[in-house]
Amino acid sequence: MSAPPIVEFREVTKRFGAGPLVLDRLSLAAQPGEFVSLIGPSGCGKSTILRLIAGLSAPSGGTLTVDGMTPDDAAAELAFVFQEPTLLPWLTVAKNVELALKLRGVPAADHAVLRQRVLDLVRLGDRGDAFPRQLSGGQKMRVSLARALALTPKILLLDEPFGALDEMTREHLNEELLAIRGAAAWTAFFVTHSVAEAVFLSNRILVLAANPGRVHTEIRVALPYPRTEETRLSRPYHDLVADVSRILRTAESAAA
Amino acid sequence: MSRKLLNVLLPAAIGALVIAAWYGVRFALSDDTKFLLPAPDRIVAALIEQWPDLGRAAYNTTEGALLGFGLSITVSFVLAILLSLSPWVRVGLYPYLMILQMTPVIVIAPILVLWVGAGLKSVTLITFLICFFPLVVNTTQGLVSTDRHLVELFAMWRASRWQQLWHLRVPAALPYFFTGLRIAATLAPIGALVGDYTAGSSAGDGGGLGFQTIIYSNQAKYPALFATAAVTCVLGFIFTAGVLALSWFALHQWHDSYERPDK
């Protein structure tokens with residue numbers, strides 16, 4: 001991989017105020033188009049890593065570049081999907097997507113087309129007039145994802161987006177997410193608590209250790225894309241889930 | 001029996017019972033004390049007989065109530081936005097809002113009369129003072145209670161302060177604003193009546209219901225006094241119904257305080 005990394009942490013440290021170190025000289029790099037999952041015990045700073053990339057929070061030391069820029073300058077290339085759907089309840093599904101476009105400065109003439117394209121992508125093209133409360137948890141999350149995709153990000157940051165959903169819905173959305181990604185290969189940073197989810201989605205998993213947060217082990221997931229329901233039944237998938245679970249346990253005991 | 005029918009029948013039955021009890025108490029009163037509780041039919045008769053005066057008074061009170069109510073909405077909205085900007089603004093201004101709220105209207109009224117003269121202006125200002133507090137407190141609370149995750153989302157979009165205010169904080173504060181508005185709506189006619197009672201004037205197009213109360217009280221027209229009370233109640237109901245309708249219009253599609261349309 002010779003392309004310059006799209007996200008690069010060099011010796012990044014982070015502490016909040018006078019508190020303990022959250023991240024200790026963290027170095028990591030992601031190539032364009034990679035799907036990187038962050039997994040680790042609570043307190044390992046995985047959400048903090050996303051917030052740093054997003055520019056919602058600034059590093060205390062070290063350098064962090066996003067597509068060769070500061071996170072703030074790269075704002076137009078970033079989209080964030082939070083654990084909650086974070087839809088505005090007073091706007092319809094369509095208006096929720098369009099507000100993101102409007103506030104990010106996308107010309108109004110393009111709103112309707114872009115909005116319809118991403119809603120179709122998450123199979124909610126016919127629910128544009130619905131209010132968020134009329135949708136199920138999984139549907140809300142899909143709208144949230146569509147809204148992020150509407151901004152055509154180069155980098156998508158996902159902070160446990162499917163954590164609150166039931167197993168079945170989560171698996172369906174995992175498959176959908178990969179299928180959508182086939183069309184436009186953004187780089188993904190995906191925080192999760194689920195080993196199975198991390199293995200299914202990523203081509204690289206970073207297992208983090210806590211107190212202070214640091215990379216414990218890096219695992220490449222060589223399973224071929226496209227991944228489908230079949231992938232979950234395959235032997236290599238199960239072996240990887242077992243491996244990652246074991247490594248996660250050592251990372252957890254390293255923290256204690 | 002359907003729920004809807006009960007919703008109407010139950011209050012109606014209680015009303016009938018109260019009226020029956022009313023006549024009962026009157027029957028038990030001795031002849032020289034019967035004037036203390038005029039019979040409901042006498043009150044209705046007084047209402048019809050006094051309508052030229054009462055109707056005009058009700059109109060004037062409504063005018064003062066609406067003006068004061070409108071003024072309090074406008075001022076409280078602007079002030080709530082100011083207060084929401086920083087905790088320091090709140091720390092600095094809250095004590096004075098409290099003082100304003102705690103000073104009895106009865107004391108303020110003569111001062112207002114001194115400043116702007118008796119009549120509509122004073123009545124409007126007194127109504128404003130009474131309605132203002134619940135509105136500003138609730139709206140401010142709403143503006144600063146915005147969901148933290150939504151604030152982060154807007155930060156992610158690098159939305160300006162004004163965009164955040166207009167697209168996020170103000171709509172998110174609407175349910176709080178309407179809570180304040182419902183309280184203010186019940187206070188507005190009472191405020192206008194008290195204002196009229198303490199700072200009203202019969203000059204111009206005549207006084208309002210408060211002024212009328214003084215007149216009937218002095219003339220010992222007790223059934224008319226009861227009729228005045230009834231008119232004030234109706235006014236309060238109209239104000240409240242108006243606000244409930246507005247609230248429904250603004251919130252029913254999305255807010256959890258209204259039933260879900262489907263699902």
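The following questions and answers explain how some terms apply to this predicted model.

Reader: How many helices and strands does chain B have?
Author: Chain B has 10 helices and 0 strands. From the N terminus on, its elements read α-α-α-α-α-α-α-α-α-α. Its C-alpha trace spans about 75 × 60 × 30 Å along the principal axes. Of the 263 residues in chain B, 40% are buried.

Reader: What makes α8(B) roughly antiparallel to α10(B)?
Author: Helix α8 (residues 161-199) and helix α10 (residues 222-251) of chain B pack at an angle of about 165°. Angles over 145 degrees count as roughly antiparallel. So α8(B) is roughly antiparallel to α10(B). Their axes are 9 Å apart. The crossing of the two, α8(B) and α10(B), is right-handed.

Reader: Why are α6(B) and α8(B) called roughly antiparallel?
Author: The cut-off is again 145 degrees. Helix α6 (residues 120-144) of chain B crosses α8(B) at roughly 160°. Therefore α6(B) and α8(B) are roughly antiparallel to each other. Their axes come within 7 Å. The crossing of α6(B) past α8(B) is right-handed.

Reader: What makes Glu8(A) and Arg10(A) a salt bridge?
Author: The closest N and O atoms of Glu8(A) and Arg10(A) are 3.3 Å apart. A salt bridge needs the nitrogen within 4 Å of the carboxyl oxygen. So the pair of Glu8(A) and Arg10(A) qualifies. Glu8(A) is partly exposed, at 21% relative accessibility. Arg10(A) is partly exposed as well, at 48%. Over all chains, a search of the whole structure finds 20 salt bridges.

Reader: Why are Arg204(A) and Glu34(A) said to tie together parts of chain A?
Author: The side chains of Arg204(A) and Glu34(A) meet in a salt bridge, at 2.7 Å from N to O. Arg204(A) lies in strand β8 (residues 204-209), while Glu34(A) lies in the loop between β2 (21-30) and β3 (35-39). The pair therefore links parts that are 170 residues apart in sequence.

Reader: Are Arg204(A) and Glu34(A) buried or exposed, and how do you know?
Author: Buried means under 20% relative accessible area. Arg204(A) has 5%, so Arg204(A) counts as buried. Glu34(A) has 5%, so Glu34(A) counts as buried too.

Reader: How far apart in helix α8 of chain A are Arg246(A) and Asp243(A)?
Author: They are 3 residues apart in helix α8 (residues 235-255) of chain A, so about one helical turn separates Arg246(A) and Asp243(A). The two form a salt bridge, with the closest N and O atoms 3.4 Å apart. Arg246(A) is partly exposed at 46%. Asp243(A) is partly exposed at 34%.

Reader: Which residues do salt bridges that share partners join into one network?
Author: The network joins Glu34(A), Arg204(A), Glu218(A) and Arg220(A).

Reader: Where are cis peptide bonds found in chain A?
Author: One joins Asn211(A) and Pro212(A), with omega about -10°. Pro212(A) sits in the loop between β8 and β9 (214-220) of chain A. Another joins Tyr225(A) and Pro226(A), with omega about -5°. Pro226(A) belongs to the loop between β9 and α7 (229-233) of chain A. Most peptide bonds are trans.

Reader: What is the phi of Thr86(A), and what is that of Arg158(B)?
Author: Phi of Thr86(A) is near 45°, a positive value in a residue other than glycine. Arg158(B) is not a glycine either, and its phi is positive at about 55°. Most residues other than glycine have a negative phi. Thr86(A) is in the loop between β5 (78-81) and α2 (93-103) of chain A. Arg158(B) is in the loop between α7 (148-156) and α8 of chain B.

Reader: Why is Thr86(A) called buried?
Author: Thr86(A) has 7% relative accessibility, and the limit for buried is under 20%, so Thr86(A) counts as buried. Arg158(B), at 25%, is partly exposed.

Reader: Which residues of chain B form a nonpolar patch on the surface?
Author: The patch is formed by Ile106(B), Val107(B), Ile111(B), Leu114(B), Trp115(B) and Val116(B). Together they have about 650 Å² of accessible area. Val116(B) lies in helix α5 (residues 105-116) of chain B.

Terms used. Residues numbered from 1 in each chain as written. Chains lettered and ligands numbered in written order. Predicted model: local features only at pLDDT ≥ 70, side-chain atom pairs only at ≥ 80, totals over all residues. Heavy atoms only, no water. Patch = residues over 30% accessible without salt bridge, like charges linked within 9 Å, V, L, I, M, F, W, Y side chains within 5 Å. Areas by Shrake-Rupley, 256 points an atom, 1.4 Å probe, with all protein chains shown as cover. Helix = DSSP H or I, 4+ residues; strand = E, 2+ residues; numbered from the N terminus. Axes fitted to C-alpha atoms, helices over the stretch in contact; angles between N-to-C directions. Parallel < 35°, antiparallel > 145°, perpendicular 65-115°, else oblique. Left-handed = near helix turned anticlockwise from the far one by under 90°. Buried < 20%, exposed > 50% of the residue type's maximum accessible area, 1.4 Å probe, protein only.
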